[in-house]
Each structure stands twice: as C-alpha cells, then as structure tokens.
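Open the model in your viewer and keep the sequence panel beside it. Have a selection tool ready.

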Amino acid sequence: MLGFLLPLASKIISDAVAKIPENEELGEQMIEICLVILKKAVTLTKTDMDDKLLAVVEKSIKAREE
C-alpha cells in the first residue's frame, strides 16, 4: 500500500510546489518546513552519516542567514 501511496503523494507535492508563487518570505518558510521533514527522516534512519549530513545542511543555512 505504501509503495502505491508514496509516489502518488510525491506527485501531488511536486505539482503543488510548482504552483507556489516566487516569494522570498515564502521561500524561507519552505526551507524551515524542509528542515523539519529532514530531521524527522534522519531520526528514522540508523546511520550516523545522515546525522552528519543534516548538521552540515543546518550549518550552511545558518551561515547563509548571517
């Protein structure tokens, strides 16, 4: 069931994101949402490489804001 629903959800999300207008403030909110999703995904994995990758991504985003 998940094998069927996951590609469908991915298509729906891709279509919805394509329709989002270009807006800097909205872009910042989307980055925050992506970080929340990434954090959740990393907690579901059993490798420390994912944790390291997430740390680098978070550090890069913070450096961009400064």
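The tour goes from the whole chain to single side chains.

**Before you start**

This is a predicted model, in which local features need pLDDT of at least 70, side-chain atom pairs count only at pLDDT 80 or more, and totals for chains, interfaces and linings use all residues. Residues are numbered from 1 along each chain as its sequence is written, and side-chain values use heavy atoms, with hydrogens and water left out.

**Stop 1: the whole chain**

Show the protein chain as a cartoon. Helices (H or I, at least four residues) and strands (E, at least two) are DSSP runs, numbered from the N terminus. Read from that end, the order of elements is α-α-α. The radius of gyration is 14 Å, well over the 11 Å that the globule rule gives for 66 residues, so the chain is more spread out than a compact globule. That radius is taken over C-alpha atoms, and the rule is 2.2 Å times the number of residues to the power 0.38.

**Stop 2: the surface**

What share of the 66 residues counts as buried? The figure is 6%. Buried means under 20% relative accessible area, exposed over 50%, and partly exposed in between (1.4 Å probe, protein chains only).

Now colour by charge. There are 9 positive and 12 negative side chains, and the centres of the two sets lie 7 Å apart. Lys and Arg count as positive and Asp and Glu as negative, with His and the chain ends not counted. Each charge is placed at NZ of Lys, CZ of Arg, CG of Asp or CD of Glu.

**Stop 3**

A search of the whole structure finds four salt bridges. Each is a side-chain nitrogen of Lys or Arg within 4 Å of a carboxyl oxygen of Asp or Glu. Select D15 and K11: their side chains meet in one of these, 2.8 Å from N to O. Both residues lie in helix α1 (residues 2–18), four residues apart, about one turn of the helix. D15 is partly exposed at 37% relative accessible area. K11 is partly exposed too, at 49%.

**Stop 3: from helix α2 to helix α3**

Select R64 and E28. Their side chains form a salt bridge, 3.1 Å from N to O. The pair links distant parts of the chain: R64 in helix α3 (residues 48–65) and E28 in helix α2 (residues 24–44), 36 residues apart. R64 is partly exposed at 45% relative accessibility. E28 is partly exposed, with 28%. Leaving out residues up to four places away in sequence, E28 touches R64 and E65. Contact here means heavy atoms within 4.5 Å.

Next, select K39 and E58. Their closest N and O atoms are 3.1 Å apart, in another salt bridge. K39 lies in helix α2 and E58 in helix α3, so this pair ties together parts that are 19 residues apart in sequence. K39 is partly exposed at 39%. E58 is partly exposed at 22%.

**Stop 4: L44**

Finish at L44, in helix α2. Is L44 buried or exposed? L44 is exposed, with a relative accessible area of 61%. Draw a distance from its C-alpha atom to that of V17: 25 Å, for residues 27 apart along the chain.
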